Amino acid sequence: MDMNRVAADMNRVAVYRREHFNAAHRLHNPAWDEATNARVFGKCNLPHYHGHNYELIVKLTGVPNPDTGYVMDLKVLSELIQETVLQRFDHKNLNLDTVEFRDLNPTAEHIAMVIYRLLRPRLPGDLDLEVTLYETDRNFVSYPA
Amino acid sequence: MVYLTRVEHFNAAHKLYNPRWSKEENEAVFGLCANENWHGHNYDLYVTVKGEVNEDTGFLMDVKVLSGLVKTYVLDVVDHRNLNLDVPFLAGKMCSTENLAKGIWEQLEPHIPAGVRLHAIKLYETPRIYVEYFGA
């Protein structure tokens, strides 16, 4: 066991910010016919959309800054999520109103991956990022896995 | 008197938009909720009935029967639907949580068994916003 590595890991802390947004969507694969879409996606394929209260948990892992004691100022993280994610998706139709899902089925998996890709370049490179997204209380995904 | 509540949930799209007003007026009053292409929610629905306990069963009412009524007259009509476009009992009405709660009451009330009364519809639009309706 590399004791230096273990010692370094013991300085790492995870911090989390929880946010939420409400959006409409439907699951639909344009390469399939209507019957196949209905069979695979069921009610989620209904043509007039449905919606969710999405709960988003952004996890950052790193070593606290010796001067501030922060892994990251969570107020700054909150504003970054607001600008980067919530302004794009809150009270929107994911299929119709966003460029990210114009050609991508807006499943919870894809939404989490898109949020990761939106946030990653805006965050310090030495912090690890994990995105957890609840579509309902009982259905949630995390990325990366 | 005993009160019995069944909790259910459904997901739906809607928008708040008064067709008699201009787009600008709608946006001024309803803000983001007026978004033309809809948005959506996970709704949590609490249906409460009240009455006296039956001596033979110990029940106010068989909660499985209540669950079946909510499924047939509410969930099958609204779940994964667009409230503005797909739901007959909201046709011509504003799709607010207030009107949805009243509409759910009107859907259920005629089907509640004799000897039991509908007491309340409590409807959460988000974890922090809910409406209660106790009948006219």
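Colleague: In β4(B), which residue is the bridge partner of Val49(B)?

Modeller: This is a predicted model, and in it β2(B) pairs with strand β4 (residues 116-126) of chain B in the antiparallel sense, over eight bridges. Val49(B) belongs to β2(B), and its bridge partner in β4(B) is Leu118(B).

Colleague: Which residue stands opposite Val49(B)?

Modeller: Strand β2 (residues 39-51) of chain B is also joined to strand β1 (residues 2-14) of chain B, and these two strands run antiparallel with 13 bridges between them. The residue that stands opposite Val49(B) is Leu4(B).

Colleague: In what order do the five strands of the open sheet in chain B lie, and which are the edge strands?

Modeller: The five strands form an open sheet in which the pairing is mixed, and their order is β3-β1-β2-β4-β5. An edge strand here is one that pairs on one side only, and in chain B those strands are β3 (81-82) and β5 (129-133).

Colleague: Which strands of that sheet does helix α2 of chain B touch, and what angle does its direction make with that of β1(B)?

Modeller: Helix α2, which covers residues 63-78 of chain B, packs on the sheet and touches β1, β2 and β3 of that chain. Its direction, taken together with that of β1(B), gives an angle of about 20°.

Colleague: What angle does the direction of helix α4 of chain B make with that of β4(B)?

Modeller: Helix α4 (residues 97-108) of chain B packs on the sheet as well, where it touches β2, β4 and β5 of chain B. The angle between its direction and that of β4(B) is about 150°.

Colleague: Turning to chain A, which residue in β4(A) does Leu56(A) stand opposite?

Modeller: Chain A has an open sheet of five strands with mixed pairing, in the order β3-β1-β2-β4-β5. Within chain A, strand β2 (residues 50-62) and strand β4 (residues 128-134) pair in the antiparallel sense over seven bridges. Leu56(A) stands opposite Leu133(A).

Colleague: At what angle to β4(A) does helix α5 of chain A run?

Modeller: Helix α5 is made of residues 108-119 of chain A, and it lies across β2, β4 and β5 of that chain. Relative to β4(A), helix α5 runs at about 145°.

Definitions and conventions: Residues are numbered from 1 along each chain as its sequence is written. Chains are lettered from A and ligands numbered from 1 in the order in which they are written. This is a predicted model: local features need pLDDT of at least 70, side-chain atom pairs count only at pLDDT 80 or more; totals for chains, interfaces and linings use all residues. Two strands pair if DSSP finds at least two bridges between them. Helices (H or I, at least four residues) and strands (E, at least two) are DSSP runs, numbered from the N terminus. Two residues are in contact if their C-beta atoms, placed from the backbone, lie within 7 Å. Axes are lines fitted to C-alpha atoms, for helices over the stretch in contact, and angles run from 0 to 180 degrees between N-to-C directions.
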